[in-house]
Amino acid sequence: LLHVHPGRVVYIFFNVGISLTMMELNMFSVLGHILGFYSNVAVAWIGAVTADLVINKPLLKLSPSYIEFKRAHLYNFNPVGFGAMVIASIISVLAFFHVFGDYAAAYSAFIALGVSFVASPIIAIITKGKYYVARDAGYHAGVKHDTLSCVSCGFEYEALDMTGCPFHKGNICSLCCSLDSDCHDECKKPHADPVLSYGTPADLTH
Ligand SMILES: [Zn+2]
Ligand SMILES: [Zn+2]
């Protein structure tokens with residue numbers, strides 16, 4: 001579209017200009033502070049994930065033995081992971097800003113890790129693991145083929161990446177399902193029947 005352009009040399013000045021501005025504003029020290037603050041949240045998240053994998057799944061058996069990633073099968077929020085992360089983040093960020101003294105500030109990342117690691121199984125026990133899986137996976141035995149085509153985009157995917165969608169009346173891939181907001185999570189409502197779509201005779205024809 002643009003027939004006249006200033007050429008690549010301009011970008012050298014542009015990029016050097018940005019770099020120089022950042023250096024003059026002492027961006028590196030600001031960045032260190034922002035990342036240090038943010039790392040508390042990241043570490044809290046890792047602690048919650050680790051506790052889920054090493055405690056909630058194998059020991060408490062409150063989290064499903066497999067890793068569920070399909071939006072259609074998950075609740076929007078599971079207080080186990082999200083709650084543990086939020087609690088640990090708040091405590092460790094307060095510690096990071098010296099609320100609990102200098103030692104706690106220095107060890108804020110370990111506080112984040114410890115709190116979320118302990119909070120995750122406690123919340124799992126309190127909620128009895130109710131918010132992990134929103135509906136029956138609906139995998140049907142006896143379906144011979146291992147790929148299914150998506151009703152939304154038409155591409156073929158492995159059966160494990162697909163889910164039955166009562167709104168689109170067929171098998172939908174996890175990407176299309178994540179991007180779809182028209183269905184208003186119809187599949188998770190009690191009357192929804194996932195059997196309707198998964199491994200129907202139409203799928204057995206190819
Ligand atoms: Zn699709
Ligand atoms: Zn849906």
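Q: Let's start with one residue: does Lys-169 count as buried or exposed?
A: A residue counts as exposed when its relative accessible area is over 50%. In this predicted model, Lys-169 has 61% relative accessibility, so it counts as exposed.

Q: Where is Lys-169 found, and what is its phi near?
A: Lys-169 sits in the loop that runs between strand E3 (162–165) and strand E4 (170–173). Its phi is near 55°, a positive value in a residue other than glycine.

Q: Which loop holds Asp-185, and is Asp-185 buried or exposed?
A: Look between H6 and helix H7 (201–204): Asp-185 lies in that loop. Buried means under 20% relative accessible area; Asp-185 has 17%, so it is buried. Asp-185 also has a positive phi, of about 55°, although it is not a glycine.

Q: Now the metal: which residues coordinate the zinc ion (ligand 1)?
A: Cys-150, Cys-153, Cys-173 and Cys-176 do, each through its SG atom, at 2.2 to 2.4 Å. Along the sequence, these donor residues follow the spacing C-x2-C-x19-C-x2-C.

Q: Why is the arrangement around the zinc ion (ligand 1) called tetrahedral?
A: Four donors count as tetrahedral if all angles lie between 85 and 135 degrees. Here the 4 donor atoms subtend angles of 98 to 118°, so the arrangement is tetrahedral.

Q: Which parts does the pair Cys-150 and Cys-176 tie together?
A: Cys-150 belongs to the loop between strand E1 (147–149) and strand E2 (156–158), while Cys-176 is in helix H6 (residues 174–179), so the pair ties together parts 26 residues apart in sequence. Both Cys-150 and Cys-176 are buried.

Technical notes: Residues are numbered from 1 along each chain as its sequence is written. Chains are lettered from A and ligands numbered from 1 in the order in which they are written. This is a predicted model: local features need pLDDT of at least 70, side-chain atom pairs count only at pLDDT 80 or more; totals for chains, interfaces and linings use all residues. Side-chain values use heavy atoms; hydrogens and water are left out. Donors are N, O and S atoms within 2.8 Å of the metal (3.2 Å for Na, K and Ca); water is not among the atoms, so sites may look incomplete. Four donors count as tetrahedral if all angles lie between 85 and 135 degrees; four count as square planar and six as octahedral if opposite donors are over 155 degrees apart and all others between 65 and 115; anything else is irregular. Helices (H or I, at least four residues) and strands (E, at least two) are DSSP runs, numbered from the N terminus. Buried means under 20% relative accessible area, exposed over 50%, partly exposed in between (1.4 Å probe, protein chains only).
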